[in-house]
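Reader: Before we go into the aromatic side chains, could you take me through the reasoning behind each label, setting the values against the cut-offs?

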Amino acid sequence: MKRCTLILALVAVAVLAASALYAQPLRYWGKTPGGQTGWIEMPQGQYFEVGVGTVIPGWGRVKEVGDFHLIVEQALTEHAKDQLQQQGLMAYDVLRIRIPREDLRRPHR
Amino acid sequence: MRSALVVMLTLCALLQSLFVPTRAEGFDLRAHEVISFRAVLASRLDQVLREQMGFLRGRTEPVNGRPVLTWITEGSRLEDSPIFRVRHHFHNPTLPWDQAGLRVLGVQIGESSVIWGQDRGQVIGGNHSWHDARAAFFRALTASTNSERQQGFAETFQTLGHLIHLIQDAASPAHTRNDAHLSYSGIGDPDSFHTWAELNLGAILSSSSTQFDPSILALSTNSLAPIPIAHIIDTERYRQTRIPEAGTNIGIAEYSNANFFSDDTIFSPDFPFPRISSADLITERDSKTGELRRYFVKTRDGEVGYRLATISALFKFLPAPIPVVALDDFVLQDYGRLLFPRAIGYSAGLLDYFFRGRIEIAPPARFVYGLAQFVEGNAGAFTKLRFKVRNATPNEETPLPGQLIAVVQYRKPFGNLFENPFADLPAALSFAVSLPQTVTLTRDFTELTFDFPDPNAIPTNAADVFLTVVYRGPLGLEADAVLVGGKDLFEPDPVDWANVTDYDCFQGTLVNVGNSTLFPPFVPRLQTQRDLNQDGFGPDVLGPWTERGLFLKTFPLSQPPPDPSLTDFDLQLPARTAPQYARLVLLQDQPAYGLALFTTAAQEVSGLQFFNDRVAVRFDGVSNRLFVENGELIREVTLFDLYRGLSFTHLHLFLSSDAMPACLPQTVTAPPALMRIPGILPAE
């Protein structure tokens, strides 16, 4: 198991295509024992410890590390918002993604 | 001589008013807009719009392209247009309401503003009575198309602007002391307080807000204007007592009439107060010019502590009977200090009264608001919603018999949200409107079922879901009120429940026990393929299992798990084997909830059995919604994942054995894909 800590940074990223998000699954495995960070799993068995403010490439910045879910955010660029508006679509400022804890997603017996 | 001149001028003015547009407005237009702006901010409107009606941006939410706030301020400006409406903007609280309108030479030429605000036949300039506002509000709330809704709300808010204009005019002494102040382009008899207000908008903007005592809305009604808002202008107490008051339990017209002057009614014998004995004459030095000025300062009979009038500096030079008492800027400043807060606060009070009705919504006894079968492509719909409602209007205890309609507001995504939760959402909302039902609302919760037949069913493929309930009927002293309650529901939630016992795990190796050729049922010494380590003891792997009599029941986490059964379930499966799953789509209002599962019997291929198995798990609610936080518009989405071809957000798995969890990650893309079987929903 490879453990890395992603570099803390604040960036605004363009809106990602939904297919891109699905192609790179992100799983959340809950908080670390200290409670301030949490574990995420990315493709090819990569595990990372993340905290509030960590940027997850392709996903956005971590906003909350919770007991039951991880929340990441990405701000839309003005260009992206303009494009949405021109098409009569809802142009929001921030996309906030809730990622349920993996064991709660697929409980089993 | 003078009296003849006055009569002639008045006659000319009267004739002019009949044939030529004149100005006799209350505050000038910008002053009305600013007072209305402050009134909206002082009211609860923003909170009501967000919490009860699902308006994302509250008072700045665009309606027909313009913010709610703008419709109201514009309405308050437009009430003076066309000019003929202005004659109905007067109310003399010393007279009965049917005689209290504008009078010229003893002839009443306008309806009292108290009656005008409730007159269903306004016609010229449009119908903008309280009844029109109520009708437009109900139309908007129950419209099934966005365009009808937008139009209805625009009319509602603009009409409310018209109504608060009447209250603001009643804060102007000219409008409550029958001072017509007729003028045209500034020529004639403009009212100095109006002019001063227009030039000193800063005084209005920085003014405080004084709300009326809510008890005035509970006074006995007058059949000429039976809606209690009439008492915001006139409680009829001053007319009976002839005692000037300064409290907030009187109408604004009674306050401005009894405590202030207009230009042409200073110490007028037509009005009992203020009188000479209500004030003391003092001398002040003008801080700018050093000049000595003399003022009547109000010291008794109602409101006190302000300049009531000034004595003209030219009084020694003006021949009698030219008036020597006037209203200068310092007097008007003091008037504004006392009258603007009431104009603002009483206007806010009318807005709060309009939106006072509150319905509280709560989940039903079964927990979920709606249950629906999943249809391929996420094309299913909720045709019934069940929930509890009660009358939560402050100070209105009486049971309310009326009509109730449920409306679900949502956005239709461009794509299947269960496959792609990030699908684009339209800017325009969609609405599902239930069939109406007649109900008596009380303080206690009543559980109701609302029908949403096609084409008004609520699609399971929906984002940004908000539930409102609209009541129309009597509320307190108002015979035809409209109440609204709102609840922000979590989005349609696909609950998935699968049997994946076609795989098992042995020492970290995934085994496809569903392949009956490779792994037939274990029979000692005869069929030992399942003795994987060939130690003579088996089977080392189990499955598939076939289950019978399965029941699923949701519950709030604040309560212990229930026992799902034939009489208490949200989904029932007669039987299930691998790799089958069932999907239930539900609507609920909690960030997380419980799922209780019961299996009557399960049998493994080699004959192992268990009975009456119970388990409870926790699931998160599904979000796909928009909301404003710290001025930013946020779209919140719950992530979906993929498992054996199924796009899911939460999925309960029945595994072959206790060893299987170790191999579970290896099955994410394992064939075959899960196969959906239909479940049975409870009868509604």
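Author: In this predicted model, one aromatic cluster is formed by B:Phe55, B:Trp130, B:Phe137, B:Phe153, B:Phe157, B:Tyr353, B:Phe354 and B:Phe355.

Reader: Why is the pair of B:Trp130 and B:Tyr353 called tilted?

Author: The ring centres of B:Trp130 and B:Tyr353 are 5.8 Å apart and the planes stand at 40°; since pairing asks for centres within 6.5 Å, and stacked means under 30 degrees and edge-to-face over 60, the pair is tilted. B:Trp130 belongs to helix H6 (residues 130-141) of chain B and B:Tyr353 to helix H14 (residues 329-354) of chain B, so the pair ties together parts that are 223 residues apart in sequence.

Reader: What makes B:Phe153 and B:Phe157 a stacked pair?

Author: For B:Phe153 and B:Phe157 the angle between the planes is 15°, with 5.9 Å from centre to centre, and planes under 30 degrees apart count as stacked. These two residues are four apart in helix H7 (residues 146-169) of chain B, which means that about one helical turn separates them.

Reader: How do you know whether B:Phe153 is buried or exposed?

Author: The relative accessibility of B:Phe153 is 2%, and buried means under 20%, so B:Phe153 counts as buried; B:Phe157, with a relative accessible area of 0%, is buried as well.

Definitions and conventions
Residues numbered from 1 in each chain as written. Chains lettered and ligands numbered in written order. Predicted model: local features only at pLDDT ≥ 70, side-chain atom pairs only at ≥ 80, totals over all residues. Heavy atoms only, no water. Phe/Tyr/Trp six-rings, centres within 6.5 Å; stacked < 30°, edge-to-face > 60°. Buried < 20%, exposed > 50% of the residue type's maximum accessible area, 1.4 Å probe, protein only.
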